[in-house]
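Take a look at the sequence and the 3D structure shown here. The paragraphs after them go through selected parts, one at a time.

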Amino acid sequence: MASAAKRLEVLSGAATPQIAFDGVTLVLGGKTIIENLSLGVQPGEFLCIVGASGCGKTTALRLAAGLYQPTSGKVNFDGQPMREPRREIAIVFQDYGKALLPWRTAAGNVSLALEAGGMTSAERPARIEELLRTVGLPDHASKYPSEMSGGMQQRLQIARCLAQEPKTLLMDEPFGALDAMTRQGLQDEVLSLVAASGATVIFVTHDLDEAIYLGDRVIGLLPHPGRIGIELPVNLPRPRDQLSTREHPEFLRLRRQLFDFIKATEQ
Amino acid sequence: MNRAALLWRVASFAVAAGFVALWQLIANLKLVSPVFLPGPDRAWASLVRGFSSGDLWSKLAGTLEHMAYGWLAASIAGIAIGAIIGSSRRMRTYVAPSLEFLRPLPVSAIIPVAIAMLGLTQAMALFVIAFGAIWPIMLATIHGFAAVEPRLYEVARSLQMSRLAVIFKIALPSASPDILAGMRLSLTVALILSVVCEILAGLDGLGHWVLLSARAFRSADLFAGVILLGVTGYVTSVAMSLAEHRLLAWQAAQR
Ligand SMILES: Nc1ncnc2c1ncn2[C@@H]1O[C@H](COP(=O)(O)OP(=O)(O)OP(=O)(O)O)[C@@H](O)[C@H]1O
Ligand SMILES: [Mg+2]
């Protein structure tokens with residue numbers, strides 16, 4: 001119920017944005033990567049960003065994470081300027097293989113976030129078990145990442161991010177390297193995890209269907225320099241369903257619209 | 001153990017046994033004067049005698065002590081300095097050229113300097129051993145720290161980990177395979193330099209024992225000392241490998 005109320009707020013635009021880009025321009029190595037980007041993400045909103053390769057999706061996400069500082073303009077989090085990354089904002093990287101500690105087991109990798117949050121060693125085991133169960137890895141606590149499949153490693157990274165108890169979850173093509181079946185399973189898991197935690201999500205993807213399936217709103221970026229080219233609210237009922245949602249006339253309409261947009265940017 | 005590994009082990013034992021037999025044969029036929037070359041029987045007898053009288057124990061302990069202190073000092077300093085240099089690109093570009101100048105300097109060139117400054121003392125031995133043994137460790141640490149996956153630093157930043165936590169939870173474990181390999185290399189260096197320092201400074205140890213035995217033409221004692229040095233090198237290196245194996249169990253999972 002709480003999340004439904006939140007969603008209403010989102011749609012009416014009443015709440016102050018959790019993440020706000022205000023005329024953000026970023027220049028890296030003499031090249032303007034993002035230009036004059038203004039964007040508000042409401043608390044509890046699921047925002048998807050799509051766009052051609054190299055249009056600045058990852059860069060926009062890194063700005064939201066505080067890993068980059070804008071050359072001009074402002075990025076605010078809960079009304080405060082973002083000067084550096086913070087624990088309330090968790091990032092799921094696409095290259096899960098590089099984002100996990102190979103010398104720590106699954107439990108140890110989740111523990112890293114709990115340790116950083118100052119949880120005592122007595123409290124950690126129970127919390128680790130709970131988190132691993134949440135992402136469907138209850139029996140793999142003592143495995144090293146290298147002993148796990150790609151899908152399992154990505155679940156583990158998500159578990160570590162959940163351990164941060166983030167207000168905002170940033171996901172950069174998190175399922176890009178996974179096969180279609182694993183991908184769909186994880187999409188639904190992320191939706192239910194997010195619904196349960198009420199976190200705000202910015203989700204970057206190449207996959208237009210994925211963006212519409214997951215999002216409350218989809219933004220398409222134009223390249224060179226990166227800026228907003230299209231913005232589509234997604235009025236599809238929740239909970240979403242892999243079969244019926246994807247057959248919904250609204251889904252097909254949005255898909256068509258996004259597809260035409262992407263095709264136009266690639267010319 | 002699989003069959004091929006077993007076969008290799010049997011073969012290597014056979015070679016060693018053949019080598020000892022050949023040595024015995026040469027000694028028995030007196031191809032080399034017994035004054036210079038004792039047979040394995042006489043060398044073994046000298047070993048047993050040395051240990052039962054306690055002489056060799058104290059010499060062995062002396063050498064192990066020199067080696068251990070020098071190696072530990074080199075490890076601590078090497079890892080600390082290597083970590084500082086390796087974790088900053090600016091440090092690497094500024095300091096690397098000086099390292100390249102210092103590194104190829106043979107340690108033997110440092111010994112006269114050390115003797116001039118510190119005299120024929122334990123402190124001199126410690127300095128020389130540590131100086132020689134620090135290079136493999138320091139260079140390996142620099143490399144290990146420079147090669148830490150940048151993504152992990154971003155994870156650390158988003159977790160707002162403290163500097164200390166980043167070093168101990170991310171950089172050091174990530175560099176540990178390099179560091180341990182460097183420590184194993186410098187173990188051998190430390191043993192060699194222990195012997196050299198004992199010979200030069202007359203410090204209590206196997207090096208000194210070997211020197212005195214040679215001067216007195218006690219070839220059996222000389223060989224006993226040399227054999228013991230070989231065994232020391234072998235055992236410490238095996239112990240180090242075992243430690244590496246345990247500490248880096250996660251790497252075995254990776255392959
Ligand atoms: N550190 C940097 N210095 C200079 N240019 C950069 C830097 N990082 C990214 N770029 C450039 O910025 C542009 C956008 O990069 P970005 O990684 O954000 O694209 P993307 O939309 O995530 O692409 P992809 O879909 O391939 O992941 C690219 O042209 C890239 O070459
Ligand atoms: Mg990208």
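The model is predicted: local features need pLDDT of at least 70, side-chain atom pairs count only at pLDDT 80 or more, and totals for chains, interfaces and linings use all residues. Residues are numbered from 1 along each chain as its sequence is written, chains are lettered from A and ligands numbered from 1 in the order in which they are written, and side-chain values use heavy atoms, with hydrogens and water left out.

Start at ligand 1. It is surrounded by 13 residues, where a residue counts as near if one of its heavy atoms lies within 4 Å of the molecule. The closest are A:S53, A:G54, A:K57, A:T58 and A:T59. By class, the shell holds 4 nonpolar, 6 polar and 3 charged residues. Here Ala, Val, Leu, Ile, Met, Phe, Trp, Tyr, Cys and Pro count as nonpolar, Asp, Glu, Lys and Arg as charged, and the others, Gly among them, as polar.

Which elements of chain A each supply at least two residues of this shell? They are β2 (31-41) and α2 (57-65). Helices (H or I, at least four residues) and strands (E, at least two) are DSSP runs, numbered from the N terminus. α2(A) gives the most to the shell, with 3 residues.

Some atoms of the protein lie within polar contact range of ligand 1, a polar contact being a pair of N or O atoms within 3.5 Å. A polar side-chain atom of A:T59 lies 2.5 Å from an oxygen atom of the ligand. For A:K31, a polar side-chain atom is 3.3 Å from a ligand oxygen atom. A:C55 takes part through a backbone N or O atom, 3.2 Å from an oxygen atom of ligand 1. On its own, ligand 1 has 630 Å² of accessible area, and the protein covers 64% of this. Such areas come from the Shrake-Rupley method with a 1.4 Å probe.

Now turn to helix packing. Two packed helices are described by the angle between their axes and the distance between the axes. Axes are lines fitted to C-alpha atoms, for helices over the stretch in contact, and angles run from 0 to 180 degrees between N-to-C directions. In chain A, the axes of α6 (residues 150-163) and α7 (residues 180-197) come within 11 Å and cross at roughly 15 degrees. These two helices are therefore roughly parallel to each other, as angles under 35 degrees count as roughly parallel and angles over 145 as roughly antiparallel.

Chain B has 11 helices and 0 strands. Its C-alpha atoms fill a box of roughly 75 × 55 × 30 Å, taken along the principal axes. In this chain, the axes of α6 (residues 122-146) and α8 (residues 163-201) come within 7 Å and cross at roughly 160 degrees. α6(B) and α8(B) are therefore roughly antiparallel. Their contact has 20 nonpolar, 7 polar and 1 charged residues.

A cis peptide bond, with omega about -10 degrees, joins A:H224 and A:P225. A:P225 sits in the loop between β9 (217-222) and β10 (227-233). Another cis bond runs from A:R238 to A:P239, with omega near -5 degrees, and A:P239 is in the loop between β10 and α9 (244-247). A:E173, in the loop between β7 (168-172) and α7, has phi near 40 degrees, a positive value in a residue other than glycine.

Technical notes
Polar contact = N/O pair within 3.5 Å; in protein donor to acceptor, adjacent residues only side chain to side chain. Parallel < 35°, antiparallel > 145°, perpendicular 65-115°, else oblique.
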